[in-house]
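Hi there,

Here is the structure I promised to pass on. My notes on what turned up follow just below it.

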Amino acid sequence: MANQQPQTLASEARHKKILTIVFTIICVIWVLPVVCVAINSFKLNTFVKTETFALPTEESFAGWSNFITGMTFGNYPFWSAFGYSALITVLSTALILVCCSMAAWYIARVDSKFCKVIYTLCIFSMVVPFQMVMFTLSKTADTLKLNTPWTIPIVYLGFGAGLAIFMFVGFVKSIPLEIEEAAAIDGCGPVRTFFLVVLPMLKPTLISVGILEIMWVWNDYLLPYLVLDINQYRTIPIQIQYLKGSYGTVDLGATMAIILMAIIPVIVFYLSCQKYIIKGVAAGAVKG
Amino acid sequence: MAEVSLKHITKIYPNIEKTKKHHFGKKAAEPEKKSNLKVTDEGVVAVEDFNLDIADREFVVLVGPSGCGKSTTLRMIAGLESISGGELTIDGKVMNEVAPKDRDIAMVFQSYALYPHMTVYDNMAFPLKLRKVPEDQIDQKVRQAAETLGITQYLDRKPKALSGGQRQRVAIGRAIVRDPKVLLMDEPLSNLDAKLRNQMRAEIIKLRKRINATFVYVTHDQTEAMTLGDRIVIMKDGVVQQVGTPQEVFNEPANLFVAGFIGVPQMNFFDGHLEKTASGYVLDALDTKIAISPETGKALEAAGVTSLDVTAGVRPEQIQLANADEPGAMSGTIDVSELMGSTVHVHASVEGYDFVLVIPTIDFDGALGRSFADGAPISFKFEPNAVHFFDKASGKNIIKP
């Protein structure tokens with residue numbers, strides 16, 4: 001036994017080494033597209049196709065010209081696309097967080113058939129692919145005048161509610177009921193119990209749901225493309241699509257530059273909040 | 001400041017399914033234990049016909065085994081549980097339909113139930129802030145309560161940075177800052193370790209003298225009940241078994257359940273036959289005839305006993321060692337003996353009945369272990385006055401009216 005132990009340790013160390021190598025390779029593959037976008041955004045258009053994986057050389061380096069081209073391309077100002085993207089993202093996420101946390105609290109705490117049906121429907125909505133409902137949805141959204149950046153968050157609320165409620169309900173159930181009872185005795189009605197006691201405790205889940213929703217809404221292409229009036233309102237993903245010239249010619253360098261600009265806010269946001277996302281996902285996952 | 005009166009309070013859960021969902025976490029297991037509860041057409045009766053008048057500033061302890069309805073009763077007083085029947089009044093006002101926040105009560109929970117996102121100070125100030133008390137008064141009251149409980153140095157900390165005992169102090173602090181009429185405590189010491197529990201128990205006794213509130217305290221621990229309560233309410237399966245002072249429930253238990261529940265180690269029970277003879281009452285049990293003292297005899301006569309099968313009970317502390325040939329002595333064999341320090345608990349079996357004897361070690365000579373070896377014979381006796389008589393059929397105390 002005494003002789004065997006060092007051997008096991010050695011083989012364990014070898015396993016760890018192999019795993020490290022395997023996962024390093026996977027990581028590289030994973031970030032490669034993003035790195036490619038970053039590299040190519042600084043290359044002249046003609047070099048993007050021929051030297052896709054090479055770093056910019058003196059010959060191929062384009063400086064900031066791709067960014068300027070991309071932002072001034074066409075007749076739609078890039079900054080207003082950026083602005084609409086930000087507006088839709090912030091409004092949708094805020095709406096989802098407020099509405100879903102309240103709904104989840106009710107579903108988790110009130111025991112009735114109605115709540116069970118609502119909860120099941122919310123979970124079910126995660127299973128239905130967007131493509132299945134998109135045409136009827138775009139027609140309905142037009143009729144209800146949900147086709148502006150100020151009203152499209154309501155559509156996002158509908159699509160985002162499933163995941164958000166699922167995560168919130170899981171977390172609310174892990175909060176001891178006694179805390180809310182203590183609040184009731186201390187003098188809170190339901191509204192104050194929610195905003196002063198429950199909502200602050202939901203913070204980790206609020207942040208992780210917020211991150212997930214922000215990444216989704218910011219990157220979403222299909223829903224705003226179908227619902228919004230494209231001539232009036234464009235989001236960044238739509239604007240990228242319009243970089244394609246009328247005869248199918250694409251300024252790849254400029255496209256890469258704009259894609260990079262679209263990625264950066266999400267990456268910055270994610271990095272600054274990532275310690276919460278892990279905490280939040282774990283917090284919600286313990287009790288479901 | 002406030003009398004609390006419960007008249008025919010009843011709690012019925014429509015069905016077991018429903019009961020389960022009313023309680024989360026630890027309480028979810030309760031319905032299975034409630035199997036002894038009465039089930040009517042309306043549902044499971046968790047608390048049945050509870051009557052109690054609690055005087056102003058009285059300390060009442062509800063005690064009983066798990067699932068006996070003591071917590072449910074407390075939660076009905078708090079307003080966290082609806083009342084199925086009967087009338088609850090606090091300070092003369094009917095409170096059945098009043099929201100918890102308007103009952104002027106405070107509650108300390110077993111799990112502390114502190115607000116995790118607030119500091120100790122904010123936790124304690126929270127009920128005052130909600131009542132729109134001026135800021136300077138809040139500060140004064142919180143600091144005063146913190147001083148009383150010795151938690152002044154922790155006011156800036158979050159609950160998670162505190163130990164169990166400190167958290168419980170904060171929870172008590174939050175309850176006393178707003179001078180409630182009634183202070184409800186739901187097993188507040190159960191989550192603490194044994195040493196801390198003794199310490200906090202003493203502090204609750206001290207605290208109680210300092211604040212003007214009526215206390216209702218729930219526990220499953222009979223020691224807490226005996227030491228804290230002015231009066232003790234013993235419950236079982238949703239039914240009140242006895243209400244009385246600690247002395248009363250200890251000396252005159254109303255029935256077998258109370259006799260067995262109060263007192264550690266538990267009272268020793270054995271079956272016997274009580275017979276009235278010319279020279280007085282005689283208890284025939286354990287192969288021995290025990291002459292009952294004239295005082296007890298009078299009480300038995302008053303109860304109209306002539307010849308009756310009884311379950312007799314003797315407290316372990318009231319049994320003395322004796323020589324085997326002494327009159328009234330009983331002999332048996334030792335099963336096991338436990339040295340507790342100042343006493344030895346000797347478990348012996350006599351005629352198939354298990355007996356526990358508490359023998360002081362103070363005036364003991366010789367090695368302890370050898371004196372009470374397993375399997376060794378032992379003889380003991382007890383004063384006839386020390387015997388409690390319970391009706392064998394109903395379990396009721398025969399002498400206690």
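How many Å separate the centres of domain 1 of chain B and domain 2 of chain B, taken over C-alpha atoms? The centres of these two domains are 34 Å apart, taken over C-alpha atoms.

Before the rest, some housekeeping. This is a predicted model, in which local features need pLDDT of at least 70 and side-chain atom pairs count only at pLDDT 80 or more, while totals for chains, interfaces and linings use all residues. Residues are numbered from 1 along each chain as its sequence is written, and chains are lettered from A and ligands numbered from 1 in the order in which they are written.

**The domains of chain B**

Domain 1 of chain B covers 4–104 + 180–260, and domain 2 covers 265–391 (the bounds come from an automatic or database domain assignment). Five residues from domain 1 of chain B and six residues from domain 2 of chain B make up their contact (residues are in contact if their C-beta atoms, placed from the backbone, lie within 7 Å). On the domain 1 side, three of the residues are nonpolar, two are polar and none is charged (Ala, Val, Leu, Ile, Met, Phe, Trp, Tyr, Cys and Pro count as nonpolar, Asp, Glu, Lys and Arg as charged, and the others, Gly among them, as polar).

**A helix pair in chain B**

Helix H4 (residues 120–130) and helix H6 (residues 164–176) of chain B have axes that come within 7 Å and cross at roughly 30° (axes are lines fitted to C-alpha atoms, for helices over the stretch in contact, and angles run from 0 to 180 degrees between N-to-C directions; helices are DSSP runs of H or I with at least four residues, strands runs of E with at least two, numbered from the N terminus). That makes H4(B) roughly parallel to H6(B) (angles under 35 degrees count as roughly parallel, over 145 as roughly antiparallel, 65 to 115 as roughly perpendicular and the rest as oblique). Val120(B), Asn123(B), Met124(B), Phe126(B) and Pro127(B) of H4(B) meet Val170(B), Gly173(B) and Arg174(B) of H6(B). By class, this contact has five nonpolar, two polar and one charged residues.

**Backbone points to look at**

Most residues other than glycine have a negative phi, and most peptide bonds are trans. The bond from Val264(B) to Pro265(B) is cis, with omega near -10°. Lys145(A) has a positive phi, near 60°, and is exposed, with 8 other C-beta atoms within 10 Å (20 or more means buried, 12 or fewer exposed, and in between partly exposed, with C-beta atoms placed from the backbone).

Best wishes

How values were computed
Two residues are in contact if their C-beta atoms, placed from the backbone, lie within 7 Å.
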